[in-house]
Amino acid sequence: MTANPPLLSVEGVSVAFRTRAGEVKALERVSFSVARGETIAIVGESGSGKSVTAQAIMGILDPAGRVAEGRIGFGGMDLLQATQRELADMRGRELAMIFQNPRGALNPIRTVGDQIADVLARHEHLKGPAARARAMEMLALVKITDPPRRLDAYPFELSGGMCQRVMIALALACRPALLIADEPTTGLDVTTQAAIMDLIDELGRSRGMATVLITHDLGLAAEHCRRIVVMHAGHVVEDAPAEALFAAPRHPYTARLLAATPRPGRHLADLASIPGGLPDLRRGDLGGCRFLDRCERAGEVCRAPTLVPVETMGASGHHRVLCAQPIGEELAA
Ligand SMILES: Nc1ncnc2c1ncn2[C@@H]1O[C@H](COP(=O)(O)OP(=O)(O)OP(=O)(O)O)[C@@H](O)[C@H]1O
């Protein structure tokens, strides 16, 4: 546990989507927290609920989705109780998010400089030369070469890696306390990936910015994050300090992920060794454990309708697992 109250605390958040085929229980009682200046990773297969978690925090869930229960504390306020106006004011200023597809997130018909200036005018009331100077500073910060020229460029004139850096510059322009980075380096070449991750690390150290890194890449998570939150089918199945998680995973799903990730940089999406797929999240009888059908440790005790996370305290922090028979404990007879 951290001595100070966390900057972000997601507490028992459940999200459901209305669809023609029934209600999708996308998140169930998701909990984790992030301290100021800390970088954590959320990892899990496609469809495990990583992006929905980020959207719930940012207040940008699809209109078909609703938060059925829970609390999202951020710097002393409950984001779920905030008005749309309060949230819009927080986004960009306190809370920022970068997405996988930078071109889609940038406005194609405004120059890079104007887009950064818009954010600065809205949140910091900076205008004219002062806004331009800060925009230039931001481009230099994200290591874009020749900032004065790039300031007047349109997104289509820049490479994918440069657009990604512009999006980071936009996200960081108002010095947010929390950055949510959803697969920020997917699709970029390895050198640009490393430069962007180094930049995020550096901003954490120099500005105390906290980061939630959403990734398929366990190697990337291990390299840059102090804690790792593992999601499976809308549940947080394990939440632990990175070194404890890699040394001794307690959830059978985490163990499978790690066994299938022998080298840093290998992608979960490429793995074939985790049997079965995610359960259909519209099923009425999902039960407490959503990994049951894929788990070699499953027994009668795992069929309980609800599961209570088990928390232990290690040298590097708390270790929480959502499993009736975590690894390291005897299987029930
Ligand atoms: N608008 C929506 N309507 C219905 N279901 C949705 C909607 N958005 C997400 N879901 C469902 O919520 C679950 C979690 O999706 P989410 O996008 O968070 O997964 P993810 O872990 O981020 O996957 P990826 O790594 O592919 O981005 C999935 O079952 C998905 O189908």
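Reader: What do the buried residues of helix 11 pack against?

Author: In this predicted model, the buried residues of helix 11 pack against helix 9 (218-224), strand 9 (227-232), strand 10 and helix 10 (242-247).

Reader: Which residues in helix 11 are buried, and what makes a residue count as buried?

Author: Helix 11 spans residues 252-259, and Pro252, Tyr253, Thr254, Arg256 and Leu257 are the buried ones. A residue is called buried if 20 or more other C-beta atoms lie within 10 Å of its own, so each of these five names stands for a residue that meets that cut-off.

Reader: Why are helix 7 and helix 8 called roughly parallel to each other?

Author: The axes of helix 7 (residues 160-172) and helix 8 (residues 190-207) come within 10 Å and cross at roughly 15°. Angles under 35 degrees count as roughly parallel, and the two helices are therefore roughly parallel to each other; their crossing is right-handed.

Reader: Which residues of helix 7 and helix 8 meet?

Author: From helix 7, Gly161, Gln164, Arg165, Ile168 and Leu172 meet Thr192, Ile196, Leu199 and Leu203 in helix 8. Sorted by class, this contact has five nonpolar, three polar and one charged residues.

Reader: What is the predictor's confidence in the chain, and which elements have the lowest and the highest mean pLDDT?

Author: The protein chain averages a pLDDT of 87, and 95% of the residues score at least 70. Among its elements, helix 3 (residues 102-105) has the lowest mean pLDDT, 75, whereas strand 10 (residues 235-241) has the highest, 97. The model scores ipTM 0.97 and pTM 0.90.

Note on methods. Residues are numbered from 1 along each chain as its sequence is written. This is a predicted model: local features need pLDDT of at least 70, side-chain atom pairs count only at pLDDT 80 or more; totals for chains, interfaces and linings use all residues. Axes are lines fitted to C-alpha atoms, for helices over the stretch in contact, and angles run from 0 to 180 degrees between N-to-C directions. Helices (H or I, at least four residues) and strands (E, at least two) are DSSP runs, numbered from the N terminus. Angles under 35 degrees count as roughly parallel, over 145 as roughly antiparallel, 65 to 115 as roughly perpendicular and the rest as oblique. A crossing is left-handed if the near helix is turned anticlockwise from the far one by less than a right angle, and right-handed if clockwise. Two residues are in contact if their C-beta atoms, placed from the backbone, lie within 7 Å. Ala, Val, Leu, Ile, Met, Phe, Trp, Tyr, Cys and Pro count as nonpolar, Asp, Glu, Lys and Arg as charged, and the others, Gly among them, as polar. pLDDT is the predictor's confidence in each residue, from 0 to 100. A residue is buried if 20 or more other C-beta atoms lie within 10 Å of its own, exposed if 12 or fewer, and partly exposed in between; C-beta atoms are placed from the backbone.
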